[in-house]
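Please read this briefing alongside the sequence and the model.

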Amino acid sequence: MNILVTGATGFIGSHTIVELLNSNYSVIGIDNLVNSSEKVLERITELTNKQILFEQIDLRDKDKLSQFFENNAINAVIHFAGFKAVGESVENPLLYFSNNIKATITLLEVMAQFNVKELVFSSSCTVYGDPQDVPLTENSLLSPTNPYGRTKYWIEKMLLDIYDADSNWSIISLRYFNPIGAHPSGLIGENPIGIPNNLVPFITQTVIGKRKKLSIFGDTYPTHDGTCVRDYIHVCDLSLGHVAALKKLKGFNKIDYYNLGTGKGHSVLDVVQTFERVNQVKVPFEIDEKRPGDAAEVWAETARAKEELKWEALLTLEDMLRDAWNWQVKNPEGIY
Ligand code: NAD
Ligand code: UFG
């Protein structure tokens, strides 16, 4: 099986490639390297003793993408490539419509042209918006609250229309909760460019001395300690979720949606305290204003993935935060 991975050198793409190679899939990667480095490929080889075929392609370049499909026999696609910063999407929605939606349409057109109809799509729990109830099931109301979230929602709807028109497609949309951590080797991890938007990279960069202190956005939410609760999931568990989805796709001829989370919620203060405990460090922080748009509690009901994909997250918050710190210490500047 030749699997095409888009966004191959990115955070989740690179970890998923390692798990695919470990499961003996043959992998072909593409990425335009806007948010990652080609050096990640050397790390993947160091980890697996295997090499993948890689080409630098922007998914919106239809001619180049078609040529790539012409030159390579592809059985299925895992589509990670895209932008993911909520704030940036509010400031520049067109960037998100182009890089998430236009790029996905181009990919789908080329897949259809070459009769490649097995797809795993990177969606997000952001499609649920501010939940009315937790845990979120796959049938919870979809109500994204920002342009980034809407790109994921619209792509899910496009995929449904494509499947309705041609049931030869097999499509699984994976709704990730909060992926954090890094490969335990410390060879690959999250490589944020500039000031991190997300909690855990901000913590690791603060502890290593790149940022002064963490701002905790609000402590008066209706949660056990007043700070927001999220469902953090280890990126290695998440990657194995993709291998499970890929296995399910064979002869699936359906479209379906799965939450990938742990089913457990942890507050911002839980994360800070656990980070301090497992890594024996201090996290300087202050309580700051609430961040506009943050929901109090977001966590997953995970039964469907467990029953139907035979997959569940096994690693703990301790594992995630130890591995995130190990990655930061071994790669203080990331991989560029
Ligand atoms: P990432 O930025 O590390 O990886 C995305 C990769 O896609 C990057 O290497 C980037 O260079 C590449 N890319 C972007 N636009 C491209 C284009 N037009 N053509 C080719 N390559 C392109 O992000 P990630 O955290 O690995 O996220 C992967 C996917 O998972 C994204 O679709 C994201 O929306 C989704 N997701 C991520 C999170 C998260 O918190 N990390 C949560 C939910 C969903
Ligand atoms: N937080 C802080 N300080 C920071 C950063 C974050 O207190 O410097 C808090 C936030 O207020 C939130 C929690 O930490 O309560 C987690 O915040 P993140 O930004 O790490 O994650 P979010 O849950 O806000 O959203 C992230 C991505 C979205 C994605 C979503 C679900 O940014 O794109 O996870 O996958 F959709």
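**Ligand sites, cavity and salt bridges**

A nitrogen atom of ligand 1 lies 3.3 Å from an N or O atom in the side chain of Asp58, a polar contact being a pair of N or O atoms within 3.5 Å (within protein, one must be able to donate a hydrogen and the other to accept it, and residues adjacent in sequence count only if both atoms are side-chain atoms). This is a predicted model, in which local features need pLDDT of at least 70 and side-chain atom pairs count only at pLDDT 80 or more, while totals for chains, interfaces and linings use all residues. Residues are numbered from 1 along each chain as its sequence is written, chains are lettered from A and ligands numbered from 1 in the order in which they are written, and side-chain values use heavy atoms, with hydrogens and water left out.

**Ligand 1**

- The side chain of Asn35 places an N or O atom 2.7 Å from an oxygen atom of ligand 1, and a polar side-chain atom of Tyr148 is 2.7 Å from an oxygen atom of ligand 1.
- Taken alone, ligand 1 exposes 820 Å², of which the protein buries 95%; accessible areas come from the Shrake-Rupley method with a 1.4 Å probe, and for residues only the protein chains shown count as cover.
- The shell holds 28 residues, with Asp31, Asn35, Ser36, Lys84 and Asn99 the closest; a residue is near a molecule or strand if one of its heavy atoms lies within 4 Å of it.
- At least two shell residues come from each of helix H1 (11-22), strand S5 (118-124) and H6, and S5 gives the most, with three residues. Helices (H or I, at least four residues) and strands (E, at least two) are DSSP runs numbered from the N terminus.
- By class, the shell around ligand 1 comprises 12 nonpolar, 11 polar and five charged residues. Ala, Val, Leu, Ile, Met, Phe, Trp, Tyr, Cys and Pro count as nonpolar, Asp, Glu, Lys and Arg as charged, and the others, Gly among them, as polar.

**Ligand 2**

- A backbone N or O atom of Ser215 is 2.7 Å from a nitrogen atom of ligand 2.
- Oxygen atoms of ligand 2 lie 2.7 Å from a polar side-chain atom of Arg230 and 2.9 Å from an N or O atom in the side chain of Asn178.
- Ligand 2 exposes 680 Å² when taken alone, and the protein buries 89% of that.
- Around ligand 2 there are 22 residues, of which Phe177, Ser215, Arg230, Arg291 and Asp294 come nearest.
- Strand S8 (residues 214-217) gives the most to this shell, with four residues.
- The shell around ligand 2 divides into 12 nonpolar, six polar and four charged residues.

**Cavity**

- The whole structure contains one cavity of 30 Å³ or more. On a 1 Å grid over the protein atoms alone, a cavity is a set of points where a 1.4 Å probe fits but cannot get out, and lining residues have an atom within 4 Å of a point.
- The largest cavity has a volume of about 40 Å³, a volume being the space filled by probe spheres set on the points, which are joined across faces, edges and corners.
- Its lining residues include His79, Asn100, Phe121 and Lys152.
- Helix H5 (93-113) and helix H6 (147-165) are the elements that give two or more residues to this lining, and H6 gives the most, with three.
- The lining has three nonpolar residues, five polar and one charged.

**Salt bridges**

- The count comes to 15 salt bridges, each a side-chain nitrogen of Lys or Arg within 4 Å of a carboxyl oxygen of Asp or Glu.
- Lys117 forms a salt bridge with Asp166, with the closest N and O atoms 2.6 Å apart.
- This pair links distant parts of the chain, 49 residues apart: Lys117 is in the loop between H5 and S5, and Asp166 is in the loop between H6 and strand S6 (170-176).

Notes: On a 1 Å grid over the protein atoms alone, a cavity is a set of points where a 1.4 Å probe fits but cannot get out, and a pocket is an open set with protein on both sides within 12 Å along at least five of seven lines; lining residues have an atom within 4 Å of a point.
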